[in-house]
Amino acid sequence: MKMVSEILTESVIDHSFSVKRLENDIPYSRGFVRLNYHHILMIEKGRGILTVDEHSFDIEDQEIFLLSKGQICRFENNTDIRGYYISFGDCFWEKVPSSASNCKAVLFNNAAANQKLIPDQAETDEFVSLFKNLLTEYQTESYTNQMDVLAAYLKIIMIKLANVKIVSEETFDSQDYIIYRKFMDLLSSQYHSLHAVSEYSELLNITPRRLSELCKRCCHKSAKEIINGQIIAEAKRLLQFSAHSVKDIAYQLNFSTSEQFSHFFKKNTEISPANYRSHFIHIGM
């Protein structure tokens with residue numbers, strides 16, 4: 001089992017933004033890394049395995065992976081890939097025009113649901129061209145407003161990614177979808193402390209019933225299921241990748257007691273926190 005001391009820390013990125021080629025220097029290939037930035041991986045060609053939290057993905061040609069800040073990931077040994085990867089922080093995203101803000105919420109606030117996108121050939125060709133141009137701009141000698149130009153490229157890429165994700169979503173610009181994205185944005189920053197649907201609906205100035213109904217229309221899950229899923233995802237990371245006790249994890253996730261947390265975890269996963277952790281200890285032996 002990988003305890004917290006074995007988790008690598010993602011290095012600080014100048015201006016909270018970078019774009020690089022995926023070739024010889026493959027990120028998070030030397031061990032598990034907890035991400036401090038959002039990442040977009042564009043795989044042109046390659047084979048291997050990418051592990052994100054508790055899930056493993058077989059890598060094939062022409063795929064895109066979206067990795068969110070806070071996730072823990074690693075490329076397994078013998079992974080051989082070619083492509084591009086972008087890293088960006090929330091403070092850099094603030095430079096992006098507000099018209100693209102919804103795309104970030106759709107793609108990254110529920111990262112596990114959007115971990116891998118498979119664009120068609122025309123979309124792939126367009127992404128390769130965009131990434132190539134972005135890399136060229138990034139490597140150009142620094143000049144006034146360069147960060148704004150990079151942010152504009154990132155905006156275009158995010159809009160195109162959102163179109164791949166929701167190409168069949170007729171509700172993208174509807175009022176329900178706008179509220180849903182605001183809910184997901186709130187959830188990504190507040191799930192450690194806010195667990196009740198009513199707490200989020202109050203911040204959104206709607207009823208809990210309305211929030212749950214629009215969540216079901218937009219992602220086929222109730223608001224409570226989405227909230228619980230976010231809490232469980234973080235609980236699993238802490239159980240698998242840290243040395244914190246169950247009691248400490250319960251405290252970090254704002255449960256009154258470890259017993260309350262254990263009951264919640266088992267109800268949503270059908271396994272106790274202790275047994276979940278034990279499973280990964282035995283795998284790591």
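In which strand does Ser18 lie? In this predicted model, Ser18 belongs to strand β2, which covers residues 17-22; helices (H or I, at least four residues) and strands (E, at least two) are DSSP runs, numbered from the N terminus. Residues are numbered from 1 along each chain as its sequence is written, and, the model being predicted, local features need pLDDT of at least 70 and side-chain atom pairs count only at pLDDT 80 or more, whereas totals for chains, interfaces and linings use all residues. Side-chain values use heavy atoms, with hydrogens and water left out.

With a relative accessibility of 5%, Ser18 counts as buried, a class that means under 20% relative accessible area, while exposed means over 50% and partly exposed lies in between (1.4 Å probe, protein chains only). When neighbours within four places in sequence are set aside, the contacts of Ser18 are Ile13, Tyr85, Ile86, Ser87 and Tyr138, where contact means heavy atoms within 4.5 Å.

The chain is divided into domain 1, residues 8-162, and domain 2, residues 174-279, with bounds that come from an automatic or database domain assignment. Taken over C-alpha atoms, the centres of domain 1 and domain 2 are separated by 25 Å. Across the boundary, twelve residues of domain 1 are in contact with 13 residues of domain 2. The size of an interface is often given as the accessible area lost when the parts come together. For domain 1 and domain 2 the buried area is about 1200 Å², 50% of it on carbon and sulfur atoms; buried area is here the accessible area (1.4 Å probe) that two parts lose on being put together, summed over both. On the side of domain 1, the residues that lose the most area to domain 2 are Asp53, Glu54 and Asn109, which together account for 42% of what that side buries.

Helix α2 (residues 101-108) gives the most to the side of domain 1 that touches domain 2, contributing three residues. That side of domain 1 has four nonpolar, five polar and three charged residues, with Ala, Val, Leu, Ile, Met, Phe, Trp, Tyr, Cys and Pro counted as nonpolar, Asp, Glu, Lys and Arg as charged, and the others, Gly among them, as polar. The count of salt bridges between domain 1 and domain 2 is three, a salt bridge being a side-chain nitrogen of Lys or Arg within 4 Å of a carboxyl oxygen of Asp or Glu.

The structure as a whole holds 15 salt bridges. Arg237 lies in helix α8 (residues 223-241) and Asp53 in the loop between β4 (38-52) and β5 (55-59), so this pair ties together parts that are 184 residues apart in sequence. The side chains of Arg237 and Asp53 meet at 2.9 Å, N to O, and both residues count as buried, Arg237 at 11% relative accessibility and Asp53 at 10%. A salt bridge also joins Lys236 to Glu54, with the closest N and O atoms 2.7 Å apart. Since Lys236 is in helix α8 and Glu54 in the loop between β4 and β5, the pair ties together parts 182 residues apart in sequence. Lys236 counts as buried at 18% relative accessibility, whereas Glu54 is partly exposed, with a relative accessible area of 29%.

In a further salt bridge, between Lys116 and Glu63, the closest N and O atoms are 3.4 Å apart. This pair links distant parts of the chain, 53 residues apart, with Lys116 in strand β9 (residues 116-117) and Glu63 in strand β6 (residues 63-67). Lys116 is partly exposed, with a relative accessible area of 31%, whereas Glu63 is buried, at 4%. Through shared partners, salt bridges join Arg34, Asp53, Glu234 and Arg237 into one network.

Most residues other than glycine have a negative phi, and most peptide bonds are trans. Asp53, in contrast, is a residue other than glycine with a positive phi, near 55°. Asn145, which is not a glycine, also has a positive phi, of about 70°, and is found in the loop between α3 (121-139) and α4 (146-165).
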